[in-house]
Amino acid sequence: MKTRMNELVEMLNRYADEYYRLDNPSLSDSDYDKLYRELVELETAHPELILPNSPTHRVGGKILDGFEKYTHTYPLYSLQDAFSFEELQAFDERIRKEFPQVTYICELKIDGLSISLTYEAGHLTIGATRGDGSVGENITENLKRVKDIPLSLTEPLNVTVRGECYMPKASFERVNLERQEKGEAEFANPRNAAAGTLRQLDTAIVASRGLASFLYQEASPTDAASQAQVLVELNKLGFCTNHDYVLASSIVEVWEFIEQIAAKRNDLPYEIDGIVIKVNDLAIQEELGFTVKAPRWAIAYKFPAEEKEAEILSVDWTVGRTGVVTPTANLTPVQLAGTTVSRATLHNVDYIAEKDIRIGDTVIVYKAGDIIPAVLRVVEEKREHQEKMPIPTQCPSCTSSLIHYEDEVALRCINPHCPSQMMNRLEHFASRDAMNIAGLGTSIVEKLFQANLVKDVADIYRLSVEDILQLEGFKEKSADKLYQAIQASKENSAEKLLFGLGIRHVGNKASKILLEKFGNVEKVAKANAEEIAQIEGLGQVIAKSLATYFGSQDTQELLLELKATGVNLAYTGQVAVENGKLSGMTVVLTGKLERLKRSEAKEKLESLGAKVVGSVSKKTNLVIAGSDAGSKLAKAQELGIEVKDEVWLESL
């Protein structure tokens, strides 16, 4: 019985791979269905023998309780965007200063959702969303329902891969037709449809919607020498990879590929919103490294956005958490990139003056980065009036006089007690990427503020269940749930707190770097600007901003209040070892390890202070080589880099 079930699983997975990945099925649908029904019958009779890679895991109606947070072992960085040939030239010139003979690989930028897949001994164990790049959500059960994602690989590897989950155009049209027939709201575009599907708690719905995937990166250390080789290896392991890519030796060749793809973009069976350009050589990627937010070795060219005409009916001025006053135009509604747009940003007063935008103007509207509606320019031949747009001189929230600094493009309210700023700071503090207080969103923050229950972030931790019950819409259970979420956030690692404070120029990546370096927020507060500016990935702007923020007496008092309420100020993540036996060394793992799992070897190296990277370069200090080490070992020997084995590593 067990042997037959193994045979069926192996056959059905092979036939599914032929159908979904290779587009070359060797078995008819009816024959496949017969084998599948046989497997279902056997699994029903013998549930204890169900294999983890059985294709029956792809169907069925599990109702999930929700999605747990998942901390990525390997962070997912965003990409720097480019919108013109000149920006690509600037990227190329920067790279060629160090590597004159560099070549690029150009891949389609699929308009879907970034996913990370982790396999242990060749079996899918974790499927997660990108989230903020450090922490995503565990959506393994839903990703198992994406039929071209392999449940098991062709080799029993421990590996983490990255890619994009998307909804093909054909699936999108079918799903919207079904929703139309049921009287349900249609999805605006395939990306929204894919996002909505992966957030479903009913896995049967996910299975029915026909999602697909393209994988493009091995996040865990790889033995490949180039990105092109990575794509070949991923395909051999059973992943769907996009074959519509080219290698380019110049930025002119890159641009030619962009123009070719732009011409046939609408004929593709899936949506794309640009082209990703990467340095092909992984060793050069390693040497170029990363900024706080993005790799220095890649850039995403974004296709020009769809543009429509609309009339500006009025302008709203709103105050953000840093005091910047932002103008937003109210428009006659237009359809743009699949959604109805009736509001668009005007950026700032300098932009309004530069474009000479006036109320009543007909303007060209587009979606910046295909996301945020913005006004591009005025259609001057349709202008019928002469009055300039009135610019406010007083804060729309607190009526304080607004400042327009010479070195800034925005109007700014500098009143620290401005209600809008205070509410925005509270909302940011509670947001998912900051302290992640579930249930403390915009409307609840506003109610708390208006009830005079909170004025600063420390007040959040003084709230009782009785306080929350004063708010409209809360009962005992919901009030206790919010209270518990607030209490739980006290235990967050302190980089969440530092980011939540909303310090100018200090994002979540910079916050993590600072806490890894200093250990707690109090030490960050006492560090001088010169010391911070020397930290890799930060610099003068962030250093100056931190010095200004922590130099304030109000800030010092706020830290004392937070500490008194029990909020954790210490970093509880993994701290780099400064005085380990391998401190300061860059190490590459390659080949098959016999005594240690690769993850165990990496963990031990990091515990000894080493930085573990994926490619051999001039900056590599040491290579740990197992059997069948291949090109990385050869390159290490060519460069004269010291090579050790895992027995040596175990002895440390």
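1. Helices (H or I, at least four residues) and strands (E, at least two) are taken as DSSP runs and numbered from the N terminus; contact means heavy atoms within 4.5 Å. The model is a predicted one, in which local features need pLDDT of at least 70 and side-chain atom pairs count only at pLDDT 80 or more, while totals for chains, interfaces and linings use all residues. Residues are numbered from 1 along each chain as its sequence is written, and side-chain values use heavy atoms, with hydrogens and water left out.

2. The arc is that of the directions from the helix axis to the C-beta atoms. Buried denotes under 20% relative accessible area, exposed over 50%, and partly exposed in between (1.4 Å probe, protein chains only).

3. The open sheet. An open sheet is formed by 5 strands in the order β2-β11-β10-β3-β9, with mixed pairing. At its edges stand β2 (81-82) and β9, each with a single partner strand, so one side of each is left without a neighbour in the sheet. Helix α3 packs on the sheet and touches β2, β3, β10 and β11; the direction of α3 makes about 170° with that of β11. Axes are lines fitted to C-alpha atoms, for helices over the stretch in contact, and angles run from 0 to 180 degrees between N-to-C directions. Two strands pair if DSSP finds at least two bridges between them; β3 and β10 run antiparallel and are joined by 7 bridges.

4. The annotated residue K109. An unreviewed UniProt entry carries the annotation "active site" for K109; such annotations may be inferred rather than shown by experiment, and their positions are given in the numbering used here, with feature names shortened. K109 lies in strand β3, and its bridge partner in β10 is G274. Leaving aside residues up to four places away in sequence, K109 touches I272, D273, G274, I275, V276, A300 and K302.

5. Helix α9. This helix lies across β3, β9, β10 and β11, and runs at about 25° to β3. The 14 residues of α9 (residues 251-264) should span 20 Å at 1.5 Å a residue, and the end C-alpha atoms are 20 Å apart, which agrees; the expected span is 1.5 Å times one less than the number of residues. I251, V254, F257, I258 and I261 of α9 are buried. They cover an arc of only 110° around the axis, which puts them on the same side of α9, whereas Q260 and A263 are exposed on the other side. The cover over the buried residues of α9 includes α3 (85-98), β3 (104-110), β9 (246-248), β10 (272-279) and β11 (298-302).

6. Backbone points to check. Most residues other than glycine have a negative phi. T399, although not a glycine, has a positive phi of about 70°; T399 is in the loop between β16 (372-378) and β17 (402-403) and is exposed, with a relative accessible area of 52%. H505, also not a glycine, has a positive phi of about 75°. The loop between α17 and α18 holds H505, which counts as partly exposed at 47% relative accessibility.
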